[in-house]
Amino acid sequence: MKAYILLEDGTTIEGTSFGAQKTVMGEIVFNTGMTGYQEVLTDPSYAGQVVVMTYPLIGNYGVNLDDVQSESIKVNGFVVKEYCEMESNWKSTGNLSDYLKDNDIFAIADVDTRMLTKKIRKQGTMNCIVTTEEITDELMDKLDKYKFPVDVVANVSRKQKEIIPAPGKKVGILDFGVKSYIIKYLKQLGCEIHIYPWNTSAKAILNDKLDAILFSNGPGDPKDVQEAVATAGNLIGKLPIFCICLGHQIVSLALGADTYKLKFGHRGSNHPVIDKRNNRVTMTSQNHGYAVSDKGLPDNIQVTHVNVNDNTIEGYSCPDLNIHSVQFHPEAGPGPEDASYLFKEWVESIGGGK
Amino acid sequence: MPVNKEVKKVLVVGSGPIIIGQAAEFDYAGTQACKSLKEENIEVVLVNSNPATIMTDDNMADRVYIQPLNIEALSYIIDKERPDGLLPTLGGQTGLNIAVELQEAGVLDKYNVKLLGTSLDTIKKAEDRESFKDLMKEIKEPVPKSQIVCNLEEGEAFVKEIGFPVIIRPAYTLGGTGGGIAHNDEELKDILHKGLLHSRINQVLLEQSVAGWKEIEYEVMRDSNDTCIVVCNMENLDPVGVHTGDSIVVAPSQTLRDEEYHMLRTSAIKIIRALEIEGGCNVQYALNPESMEYLVIEVNPRVSRSSALASKAAGYPIAKIAAKIAIGMNLHEIPNYVTKKTMASFEPALDYVVTKIPKWPFDKFSYANRKLGTQMKATGEVMAIDRTFESSFLKAVISLEGKGNGLRSPKLEMLSQDEVLDKLHICDDKRVFVVAEALRKGISTEEIFDITKIDPWFINKIGNIVNIENRLEAEELTVELLHKAESSGFTDPEIVDLSGESMETLDTLRRAHNLYPVYKMVDTCAAEFESATPYYYSTFETEDENEITKNKKIIVIGSGPIRIGQGIEFDYCSVHAAWGIQNAGYESIIINNNPETVSTDFDTADKLYFEPLYIEDVYNVIRKETPQGVIVQFGGQTAINLAPKLLKRGVQILGTSVESIDVAEDRKRFERLLRELNIKQPKGAAVNNLRDAIATARNIGFPVLVRPSYVIGGRAMQVVYDENGLKSYLKEAASLSSGHPILIDQYIEGKEVEVDAISDRNDILIPGIMEHIERTGVHSGDSFCAYPTQTISQKVLDTLVDYTAKLAKALQVIGLMNIQFVVKDEEVYVIEVNPRASRTVPILSKVTKVPMVDLAIKAILGENLEDLGYGTGLKPSSNLVAVKAPVFSFQKLNDVDVALTPEMKSTGEVLGVDNTYDRALIKAFKGAGFAFPQSGCLLVSLKPEAREESLNTIKEFIDLGFKVIATKHTGEFYQQKGLDVELIDRHDSQLIEQKIKAGEITMSLNIPTLGKNPKRSGFKIRAIAEQYKIPGFTSLDTINAYLVALKSLKDNSDLTYETIDFYINKSLLKIKK
């Protein structure tokens, strides 16, 4: 069955459907990871987006129950060069196509994904409509009027507080769409984990007498979650704070810094980040469309990590306020595990992790 | 950290001659390193014994020493040059070993030379099995159960503990020499024995076998600040059990989940950190296909064949970056040379699939054991890139230049299902073809997996190819089907053959629907950043990102994979051709498929197309680029074979015309030409059947030289002495070149002389003439040879020059030509004319200082030799004397007769350079690994015809104090002549082996009657000598030369090891006096 992509700039691309039959809109982005498509699909930070994989063969090792970053697929649509029908891996429980269909997710193959990637690189992230119907003027109009939803975080965040008991330090997570590997790492360090819906009040969090709070990753523009920015403002200085990705941007806004949209974002498993304290470069997993501007960052913030490719801020710490914040994903899933030591450092900094 | 200020001068050690397991990849690495160091204003001194390399070109380093890679030469050079550092990690195992030896001999300490990139401690930790095991234990990385053994008893005891099968790996060897898998006691004894011999430190590792697990490799880099990156990972299609050099390899891995990929990646980084390597490192893993269990199999603390492949596969120049790291730079301070916008501290993201397939010498050695195991047998490799596995794989298959046009083999098609099932159990070079045939015959993926342990993913992909074959046979050829077939890598002849449609129909369809490939860039970053690299591959996709300039441009066709008879020298010529074209103001474009070489480095030519050297693929590039012309004369027979096909499509072939090439290659036309020119050649004829063959041979008179027409490197060429020999040869060779006749020539026993010339159609320039040391009957590639000639009279030299000029003019040669002559009784005969570059071009370019390829390019572009400043005619020789010695890889190839014959067997060469013949000869022998003991025992066994002539040689050895043992007939002959020789039964190979092992026999002279038959005693003796690495001579001329060197060594204890310029200038001073 045929499927189509219509971009904001009018480009139409034809391919073959290997997912659900439907029409959806979203922001089109590319990911350069050569492995990890299931992690990408289930990463809540991709909510509202149509993801193009630059690696041409996708589906090679099927899907399984363990590699997921949340309980369901979060992307709006999935674009690949070639979908592999005959997967092979000891852990596989089924093929990717069935998985996408079961999750009612649009997916298209036989696309020149390199051409598409270059288009996104040159023109920046665009809105798109993906469909298994013929492209009509009506669809084009629809795309013209499309605005990226402002409630993506609310959609992917937990609705109820969840507690994972353990004898270790009590660490809270503000769930903006937290990836399961973040939880996994904290569990491994013996933490008792309290996961809060994104709009939980600072007061409620402080009531739980946590040892620290982690502002999680999540989708969309940090400026769309002002409620969380306010919460951060009320927690800063009262609890040790760790931040990842969207959490990093939210806390930065609360600290008075600004955020801006990157032309086409950072999405992949090979992003070099230099630790300014020792000049060592680490390969990191990244997935973000916005970045923190250094203008407006308070003086007591020390920028610790910088992206080697484009010099954007990748992390900072603030000893005065006890904040440790990174833009990238130390939890990997997908991507390199090189930065996972951060979890240990963080938990040790509050006296845990033994 | 920026460049280490203390390091101002660096000595780079090359890897020596090409042998199986250590090939052109180290020329690529060394060349990159030299360029990289010079960029940082480091003074570079280079030592390598291999003259056929780009790295030994004058402009590559500040000073280049083409000298043997041994302690003696290196100590001399270090003493003279006083380098601050030694870079040993780019010269393969040879480079590492010499560094260890220099350190152990105290040379590095004495001269205060710092080992760069990798410390001695690291080398030892990685290479010494026991310390490696300890280190892995320390950092909790799993390794197979194993034990170091130093003798058979220890080995047997360990196997009792862990059971069969066990892998045997000798320490400190190349390409797994002497290793293997033993399934029983007998195999254990045999392999263990050989392994102990080959190890430099008499250590062998016995190891638990995980044959059948996935084999995965990681290429890791680390800088002194501890930043680590993985350039590329690779998955072997062949599971553990086949040497990675003999495995089909894909990049990146295809069947690993993210978790598996990063589990191994994390491990690789942990290992490079623990070893504290500053540079590149290769880690090989076995991964259980049923779990997350893995084992570290091997670590190479240096640049390797895999890193060359990874560099080309990912567009990340590992050797270049490793050299920068070695002098103190950090990864984030080194630019990414492809994007020019980002830094080297990142991990390439591929958006294509790379397939590497080894090139084995079994087409040449039809009688060699084709089974693949832990001992590498491939001489070279091909690589292909595309956006589907099917096409990447099929392009690589086509690049092997096999008989077919795809994955089908008529021989396999004829087999029954049971026969194919049986064949699946044999792991040899044909395995993927057998897998495809099994699928065609309805054998299931599961069953094939059970037998071969090849991951079902790969089997299913091959199944996709088979499905398209079936569809082409069964369905109408629609646009969709044609597109499917083309985008999956099917060639036109294959589509025509399967579909039954004509080429015209196919072309019409293609034109009507614009079914042509587009070109995409290898850019390291999957298009995330804009990129400047002119490195392209073809694919069937929507967007063509190939930027075609309006410049005047010329395309150079490369020579494909390194194989016996077509080696690195043609890559040398292709690279110089690209440079020459640039110098002349044109855009240069290279098409080639060999990942190991300098020609496929993305900054060699202005533009690189990584494509099969197959007519369609080459023509598609030409169609796109519309160059002024295409040059085929530098890419060996591979490129020459493409010439008529290109011409037929209207492509302008620059230089010597295709017509002239045909005259030179077509026997009848060539004979006519020589008659017209009044030049003699050995009598001969082309025959198509046995009757004609016998009649012709009788007419000419035995012995005769027989060979198939149109061949590379004298494939299946042989001297036969009688009718029986002729009959059995024809039986074997008939299938070798169906459609082409067999050539029978008079065998003239004389001196062989080789002339290389540049011709501009009117004038010629002969930079030098080389004289073979062995008489005719030994392939020129396998002969020792000397420049300038040593025993040729002026009259004959004049004739050679005259003939060369006549032939060049008659053939209207424009560019390079090579002529082989026989000289007997002052009479000159022409054996063959090759209107193209030859094996000797790099040597002559270096020793005569005539930039041959550059001049050839100028001639091709219309300039006159007269105006180019190097004169015409024969260039007078200086007092420099050079001797080339061939180097063989017999230890890797069981069942190949080591005896010298008209069939080429050597894989590489070394050059000895000095001011006298004797000294150059000593160096050539030393460079080729010969020792010069002052006493010992020579084992002699000769064919009757050779005995009389050998008397003097044997006498001289006895006079020098050598003992001589001879086989019965040979020995009795000597005894009759009054020589004191001992007799030995030639059939008692066990006794002979014992004596060799015990050091009671130290050298062998064995001239075969028939050769090639492994059951004959002579074959066995030669094989044993080779296995025990004692000098084994199979020609009287070679041993006589050795004798000359041996005797003169006594008077030449003060050998110098200097640059070519030194010897040339020294002689000039002499002349002035």
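Predicted model: local features only at pLDDT ≥ 70, side-chain atom pairs only at ≥ 80, totals over all residues.
Strands (E, at least two residues) and helices (H or I, at least four) are DSSP runs, numbered from the N terminus. β10(B) and β11(B) form a hairpin with 5 residues between them, and D226(B) in the turn has a positive phi of about 75°.

E235(B) also stands opposite V250(B) in β12(B). Strand β12 (residues 249–251) of chain B runs antiparallel to β11(B), and 2 bridges join them. Because 9 of the 9 residues of β11(B) (residues 228–236) are buried, this strand is largely enclosed by the rest of the structure. A residue is buried if 20 or more other C-beta atoms lie within 10 Å of its own, exposed if 12 or fewer do, and partly exposed in between, with C-beta atoms placed from the backbone.

**Helices α14 and α15 of chain B**

Helix α14 (residues 417–424) and helix α15 (residues 431–440) of chain B pack with their axes 9 Å apart, at an angle of about 145°. Axes are lines fitted to C-alpha atoms, for helices over the stretch in contact, and angles run from 0 to 180 degrees between N-to-C directions.

From α14(B), the contact draws on V420(B), K423(B) and L424(B); from α15(B), it draws on V434(B), E437(B) and A438(B). Residues are in contact if their C-beta atoms, placed from the backbone, lie within 7 Å. By class, 4 of these residues are nonpolar, none polar and 2 charged. Nonpolar covers Ala, Val, Leu, Ile, Met, Phe, Trp, Tyr, Cys and Pro; charged covers Asp, Glu, Lys and Arg; the others, Gly among them, are polar.

**Contact between chains A and B**

The contact takes 39 residues from chain A and 44 residues from chain B. On the chain A side, α3 (113–123), β15 (259–275) and β16 (280–292) each supply at least two residues. The largest share, 5 residues, comes from α3(A). This side of chain A divides into 16 nonpolar, 12 polar and 11 charged residues.

**Basis of the description**

Residues are numbered from 1 along each chain as its sequence is written, and chains are lettered from A and ligands numbered from 1 in the order in which they are written. Local features need pLDDT of at least 70 and side-chain atom pairs count only at pLDDT 80 or more, whereas totals for chains, interfaces and linings use all residues.

Note on methods
Pairing = 2+ DSSP bridges. Contact = placed C-beta atoms within 7 Å.
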